[in-house]
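Please walk through the chain shown below.

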Amino acid sequence: MPIGPVTDESDADARRCIDINVHGVMLGTKLALDRMLPRGRGHVINIASLAGVMFTPGLALYNASKAAVVGFTEATRLEVADRGVHVSAVLPTFTNTELTAGTRSPKGQKNCEPEDIAAAVVALVGRPRPQAVVPKKLGTQVRLGALLPERVRQATSRRLGLDKIFLEYDPEARKGYDARIRSGS
């Protein structure tokens with residue numbers, strides 16, 4: 001998840017982000033479907049992000065990659081819906097992992113834990129549906145927010161600090177993560 005101004009994102013960062021976040025999901029989905037479709041059962045669950053449906057300054061590359069995952073997952077779900085295989089996406093918000101190093105949470109929002117994402121996956125297996133937002137309460141807010149005029153969405157984004165959260169981050173706290181993703185390890 002490279003963050004910062006779009007003009008500072010290198011082509012190498014863009015390729016790596018798309019390769020992992022998009023091509024990796026596509027390949028994994030296709031390999032799973034190759035085994036599930038002949039059996040007529042199974043469930044592919046792709047981890048996307050709320051960043052795939054809520055766009056934020058300083059996160060353009062990651063937003064684009066996760067929007068691609070959301071779109072790919074939904075189109076694939078529709079394609080195989082009548083063949084006994086479920087396809088779903090999990091859309092978590094900020095999660096306490098190295099991915100969010102050097103950033104701060106939106107005002108009034110508590111970060112999720114990795115266990116919250118795992119619980120959403122388990123819940124989808126038990127009750128398949130197209131998407132699961134984590135935390136669940138943000139799902140309603142996102143759907144309702146999409147109905148608001150652009151100026152209201154922007155004002156809300158500013159109030160929550162989302163307009164600058166990925167532009168005004170702590171590069172020193174993020175240094176280890178950035179070095180690791182650039183090295184490919």
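Two residues are said to be in contact when they have heavy atoms within 4.5 Å of each other. By that criterion, and leaving aside neighbours within four places in sequence, Asp-13 is in contact with Pro-2, Leu-61 and Arg-182. These values come from a predicted model. Asp-13 belongs to helix α1, which covers residues 11-39. Its relative accessible area is 10%, and because the limit for a buried residue is under 20%, Asp-13 counts as buried.

Helix α1 also holds Pro-38. Is Pro-38 buried or exposed? Its relative accessibility is 67%, so Pro-38 counts as exposed, the cut-off for that class being over 50%. Pro-38 can also be set against Thr-103, a residue 65 places away along the chain: the two C-alpha atoms are separated by 44 Å.

The overall fold comes next. The chain contains six helices and three strands. Read from the N terminus, the order of these elements is α-β-α-β-α-β-α-α-α. Along the principal axes, the C-alpha atoms fill a box of roughly 50 × 40 × 30 Å. The radius of gyration of the chain is 17 Å, which agrees with the value near 16 Å that a compact globule of 185 residues would have. Of these 185 residues, 39% count as buried. The chain exposes about 10500 Å², and carbon and sulfur atoms supply 58% of that area.

Leu-167 gives an instance of two residues separated in sequence. Leu-167 sits in the loop between α5 (150-160) and α6 (171-183). Leu-167 and Val-6 are 161 residues apart in sequence, and their C-alpha atoms are 9.8 Å apart in space. Not counting residues up to four places away in sequence, Leu-167 touches Gly-4, Pro-5, Pro-57 and Gly-58. With a relative accessibility of 37%, Leu-167 is classed as partly exposed.

Pro-130 is found in another loop, the one between α3 and β3. Pro-130 is partly exposed, with a relative accessible area of 36%. The C-alpha atoms of Pro-130 and Ser-88 are 4.6 Å apart, while the two residues are 42 apart in sequence. Ser-88 is also among the residues that Pro-130 touches once residues up to four places away in sequence are set aside; the others are Glu-74, Arg-77, Val-87 and Ala-89.

Cys-112 lies in the loop between β2 (85-92) and α3. What is the relative accessible area of Cys-112? The value is 4%, so Cys-112 is buried. The C-alpha atoms of Cys-112 and Pro-92 are 7.7 Å apart, for a separation of 20 residues in sequence. Beyond residues up to four places away, Cys-112 touches Thr-93, Phe-94, Thr-95 and Asn-96, and also Ile-117, Val-134 and Pro-135.

The last two of these contacts, Val-134 and Pro-135, are joined by a cis peptide bond, with omega about 0°. Most peptide bonds are trans. Pro-135 is placed in the loop between β3 and α4.

Key: Residues numbered from 1 in each chain as written. Predicted model: local features only at pLDDT ≥ 70, side-chain atom pairs only at ≥ 80, totals over all residues. Heavy atoms only, no water. Helix = DSSP H or I, 4+ residues; strand = E, 2+ residues; numbered from the N terminus. Buried < 20%, exposed > 50% of the residue type's maximum accessible area, 1.4 Å probe, protein only. Rg over C-alpha atoms; globule rule 2.2 N^0.38 Å. Areas by Shrake-Rupley, 256 points an atom, 1.4 Å probe, with all protein chains shown as cover.
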